[in-house]
Amino acid sequence: MSTTTTTTAQPITTETILRLFPDIDTRSEALTGHDEEQIRLMDEVCIVLDENDSPIGTASKKICHLMTNIDKGLLHRAFSVFLFDDQNRLLLQQRAEEKITFADMWTNTCCSHPLNIPGETGSTLPESIEGAKRAAQRKLEHELGIKPEQVPIEKFHFLTRIHYKAPSDGKWGEHEIDYILFIKANVDLDVNANEVKATQYVTADELKAQFKDPSLKFTPWFKLICDTMLFEWWSNIDGDLSKYTNNEIVRM
């Protein structure tokens, strides 16, 4: 996509995106027949980026996830949380059947988006990392019922950003710069059934075995991270994770 950026004085608005992408698809027909709560959440406002992770505007979650817009280069900010318990098992979730994108698939603990709301935006990397952590805390509570005090902001470890694109079906997909966050915490779950169908804790060996089971489906971003970096990071979960911190964007 274009690497054109706005000046700091220019408002970051949906209207900015309509100027940068005049043929953007804003129709609502794609949501017909989906779950009402999931349709409502598609109105949340995501942070639209250039390829260097600089904000260039905002757009609804619906606009950001339509393949017609992704194919035009629309890119947004996301985060992926990997939460481990005191036995170093990773908490997985199976996305609810009501989800509009990647429904019924297994994935890491929580995957979502910083929104265009106070505390979650950022134009510098430190600000953006802090925004991703705040968004992660918010969504862990929304999806899994994990109370913020069990996952304090300062316990999240930022590792890297990955830039990837993946279709969900012919209509929906993802095109994200995804902030990878690790946290080790024992938590209490109160699962939101509209978001999450099932959860399980797994060891690294158990997860590798699951990947060989053709009956199980995993989200593409989770598989990408697992196939490249996750297991090395995981093996050092009790060590110095800062040695894996990478401020560059990993293109996948």
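1. Let's start inside: the lining of the largest cavity divides into 8 nonpolar, 6 polar and 9 charged residues. Here Ala, Val, Leu, Ile, Met, Phe, Trp, Tyr, Cys and Pro count as nonpolar, Asp, Glu, Lys and Arg as charged, and the others, Gly among them, as polar. A cavity is a set of points on a 1 Å grid over the protein atoms alone where a 1.4 Å probe fits but cannot get out, and lining residues have an atom within 4 Å of a point.

2. Please keep in mind that this is a predicted model, where local features need pLDDT of at least 70, side-chain atom pairs count only at pLDDT 80 or more, and totals for chains, interfaces and linings use all residues. Residues are numbered from 1 along each chain as its sequence is written, and side-chain values use heavy atoms, leaving out hydrogens and water.

3. Of the 23 lining residues, Lys61, Arg95, Thr101, His113 and Glu174 lie nearest the centre of the largest cavity.

4. Glycine 122 counts as buried because its relative accessibility is 11%. Serine 54 is 68 residues from glycine 122 in sequence, yet their C-alpha atoms are 8.6 Å apart in space.

Key:
1 Å grid on protein atoms, 1.4 Å probe; cavity = no way out; pocket = protein on both sides within 12 Å on 5 of 7 lines; lining within 4 Å. Buried < 20%, exposed > 50% of the residue type's maximum accessible area, 1.4 Å probe, protein only.
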